[in-house]
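Subject: A structure for you to look at

Hi there,

I am handing over a structure for you to explore, and my notes follow just below it. Please open it in your viewer and keep it beside you as you read.

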Amino acid sequence: MHGFLAAAAAFAAVSVVALVAGRRLSSLPGTVGVVVVAGAAVAGAFLPGAATGIDWFDAVLRMAAAAVVTAVGSRAPVVLLAIAGVPLTAAAGAGPGAWLAGGATGVAVAMVAGDADAWALRAVVAAGLAVAAFDLERPAGATAVVAFSVLAVVVVVGLARLPRRERRWAWAGSAVVVLVVVVATAGGVLAALAARDDVEAGVDAARLGLIAARRGDTAVAADALDRAGASFADGRRRMEAWWSRPAAVVPVVAQHRRALSTLTETGA
C-alpha cells in the first residue's frame, strides 16, 4: 500500500512540474543522469544483501549492480520502466523500498502521460527501481526472482537501445563477466564433487564410531572417529584448493561453497 501511495504522490508531483516546465523538463542536461548513476552506486554500498558473504565484496557488487541498472536501464523505454515498477512496488512491501519503487513508478507514468521523456528522468526512475530491488520485503524465494527478472528485462532492453559502439563494449564486457563466472563456478562445483565422497565417508565413519562408543567399545570408536576426522579433513582440503577459491566470489555459489567448507571443517 505504501508503494502505491508513493506512486500516486510522485505521479501528481511530476505531472504538475511537467505542466509548468513544459518541454524544458525533457531537455535536462545529461550531467543530471550521470549524478543519478553515481548516487545509485553510492546508495548500493549501504543497501542490504549478501550475495557472497564477503562484506566488502558484496558492497562492491551492490554498487556495481545499482550503477549498471541505472545507467543501462535509463536507455529502456519509459513505458517499460513504468510497467516494471508495478511488480517491484508490490514486492517491496512496506519498507523504504516500497516508497522508492512506488515513487519511481509514479514518475515513469507521469512521464508517459505528460510526454516529458529525458535520459536524466529515466535514470532517476531506473535508480529508484534498482535500489528498491535490494530492499524487498522478502529478499529470497519467488519475490526476489520476480523482482530481479523484471530488472533483467529492463537491462537487456536498455542494452539493445545503446548506441552501436557502446553496445559492443557492453556486450563484450558482459561476455567476459559471464566467462569468469562460469570458470569460477566450475571450479567450485568440481571441488564440491571431489569432497562429496570424503564427506560421505566421514559421516559413515562417525556414525560407526558413535555406535561403538555407545556399546563401550572404545578402541573401535576411537579408530572410526579418527577415520571420520581424516575424511572430513581431506574434504576440507579439497574445498580450499586454489582452483576452487574463485567460487567464493560468485553470488549464490559462494554461499553453498561456504556451507560445505564449514561442514567439513566442523566435522574434522
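**What I found**

Let's start with helix H8, residues 164–215, and helix H9, residues 218–239: they pack at an angle of about 165 degrees, and their axes are 7 Å apart. Before we go further, please keep in mind that this is a predicted model. Angles over 145 degrees count as roughly antiparallel, so H8 and H9 are roughly antiparallel to each other. The residues of their contact divide into 19 nonpolar, four polar and four charged. As for handedness, H8 passes H9 in a left-handed crossing.

If you are new to this way of talking, two packed helices are described by the angle between their axes and the distance between the axes.

Next, have a look at helix H4 (residues 78–91) and helix H5 (residues 96–114). Their axes lie 8 Å apart, and the helices pack at an angle of about 150 degrees. H4 and H5 are therefore roughly antiparallel to each other, and H4 passes H5 in a left-handed crossing. Which residues make this contact? On the H4 side they include Val78, Leu81, Gly85 and Leu88, and on the H5 side Ala98, Ala101, Thr105 and Val112 are among them. By class, the contact of H4 with H5 has twelve nonpolar residues, four polar and no charged.

H5 also packs against helix H6, residues 119–133. The axes of H5 and H6 come within 8 Å and cross at roughly 155 degrees, which makes H5 roughly antiparallel to H6. Here, too, the crossing of H5 past H6 is left-handed. The H5 residues that meet H6 include Gly97, Leu100, Ala104 and Met111, while Leu121, Arg122, Val125 and Leu129 are among those on the H6 side. Eleven nonpolar, three polar and one charged residues make up the contact of H5 with H6.

Leaving out residues up to four places away in sequence, Leu80 touches Val153, Val154 and Val157. Leu80 and Gly158 are 78 residues apart in sequence, yet their C-alpha atoms are 10.0 Å apart in space.

Finally, the largest pocket. Its volume is about 1500 Å³, and 43 residues line it. Those nearest the centre of the pocket are Leu61, Ala65, Phe134, Phe148 and Pro251. Where does the lining come from? Helix H3 (55–73), H6, helix H7 (142–160), H8 and helix H10 (253–267) each supply at least two residues. H3 gives the largest share, eleven residues. And which classes do the lining residues of the largest pocket fall into? They divide into 36 nonpolar, four polar and three charged.

Happy exploring, and send me any questions you have!

Best wishes

Technical notes. Residues are numbered from 1 along each chain as its sequence is written. This is a predicted model: local features need pLDDT of at least 70, side-chain atom pairs count only at pLDDT 80 or more; totals for chains, interfaces and linings use all residues. Side-chain values use heavy atoms; hydrogens and water are left out. Axes are lines fitted to C-alpha atoms, for helices over the stretch in contact, and angles run from 0 to 180 degrees between N-to-C directions. Helices (H or I, at least four residues) and strands (E, at least two) are DSSP runs, numbered from the N terminus. Angles under 35 degrees count as roughly parallel, over 145 as roughly antiparallel, 65 to 115 as roughly perpendicular and the rest as oblique. A crossing is left-handed if the near helix is turned anticlockwise from the far one by less than a right angle, and right-handed if clockwise. Ala, Val, Leu, Ile, Met, Phe, Trp, Tyr, Cys and Pro count as nonpolar, Asp, Glu, Lys and Arg as charged, and the others, Gly among them, as polar. Contact means heavy atoms within 4.5 Å. On a 1 Å grid over the protein atoms alone, a cavity is a set of points where a 1.4 Å probe fits but cannot get out, and a pocket is an open set with protein on both sides within 12 Å along at least five of seven lines; lining residues have an atom within 4 Å of a point. Grid points are joined across faces, edges and corners, and a volume is the space filled by probe spheres set on the points.
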